[in-house]
Amino acid sequence: WSGPNSFTSSDQNPVIPITTVNAAGLYTVTATANFCTSAPQTTTVVINPSPVIGTVSANGPLCKGQTINLSTSNIPGAIFKWTGPNGFTSTDQNPSIPNADIVHSGIYSVTATANNCTSLPKTVSVTVTAIPNISSVNNNGPVCEGKQILLTTPDITGATFAWSGPNGFKSTQQNPVINAAVAANA
């Protein structure tokens, strides 16, 4: 046997283990028996290039209930296959998962198949976070004019707070205090 890319073999049925497009082309074989050699026979090997996925992305981080949007670069004529957490599968190029939950967090993988060849997988990580639950909001009212208004809520680990209220009140403290209350603070 002889062929492209300096290929030679004396096997009856040789195997080329790792193929690239450079191995495509005309292969020639002869058989020798009793010191006589056959006429050469040829076969043409066609090697389709495997598709290559360029970019893979996902929106996020996301809060529970939002939509996960997965996307990958276009490969004309390709069939896409996505897999991911919680049994997720899709053949859309750019699938979405509405109303995401914590179980949708993790690694998503996509492959593309074109010309009967499948790309190497590409992955993207998605994080879906639970929405903090403010279990209660309290104040020390009713209060008399000129006294302090104490606003309180339980601690939520890692949370930041954004209070707003009458008279243009705004605070980022967990438990803000309004000194010298006026009627407009009610």
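Select Y27 to begin: its relative accessibility is 5%, so Y27 counts as buried (under 20% relative accessible area is buried, over 50% exposed, and anything in between partly exposed, with a 1.4 Å probe and protein chains only). This is a predicted model, in which local features need pLDDT of at least 70 and side-chain atom pairs count only at pLDDT 80 or more, while totals for chains, interfaces and linings use all residues. Residues are numbered from 1 along each chain as its sequence is written, and side-chain values use heavy atoms, with hydrogens and water left out.

Aromatic pairs

Two aromatic pairs turn up in a search of the whole structure. Rings of Phe, Tyr and Trp (its six-membered ring) pair if their centres lie within 6.5 Å; planes under 30 degrees apart are called stacked, over 60 edge-to-face, and the rest tilted.

Because F7 sits in strand β2 (residues 7-8) and Y27 in strand β3 (residues 25-29), the pair ties together parts that are 20 residues apart in sequence. Strands here are DSSP runs of E with at least two residues, numbered from the N terminus. F7 is buried, at 16% relative accessibility.

Next, select F88 and Y108. Here the centres are 5.5 Å apart with planes at 70 degrees, so F88 and Y108 are also edge-to-face. F88 belongs to strand β11 (residues 88-90) and Y108 to strand β13, so parts 20 residues apart in sequence are tied together. F88 and Y108 are both buried.

The salt bridge

Which residue forms a salt bridge with D101? Select K64: the closest N and O atoms of the two residues are 3.9 Å apart. The cut-off is a side-chain nitrogen of Lys or Arg within 4 Å of a carboxyl oxygen of Asp or Glu. The search of the whole structure finds one such bridge. D101 is in the loop between β12 (96-97) and β13 (106-114), and K64 in the loop between β8 (62-63) and β9 (68-72), 37 residues apart. D101 is partly exposed at 28% relative accessibility, and K64 is partly exposed at 42%.

A three-stranded sheet

Finally, select β17, β18 and β21. They form an open sheet in the order β17-β18-β21, with antiparallel pairing; two strands pair if DSSP finds at least two bridges between them. The edge strands, β17 (138-139) and β21 (177-178), each pair on one side only. Strand β18 (residues 149-152) pairs with β21 over two bridges. To see a bridge, select I149 and its partner in β21, I178.

Notes
Helices (H or I, at least four residues) and strands (E, at least two) are DSSP runs, numbered from the N terminus.
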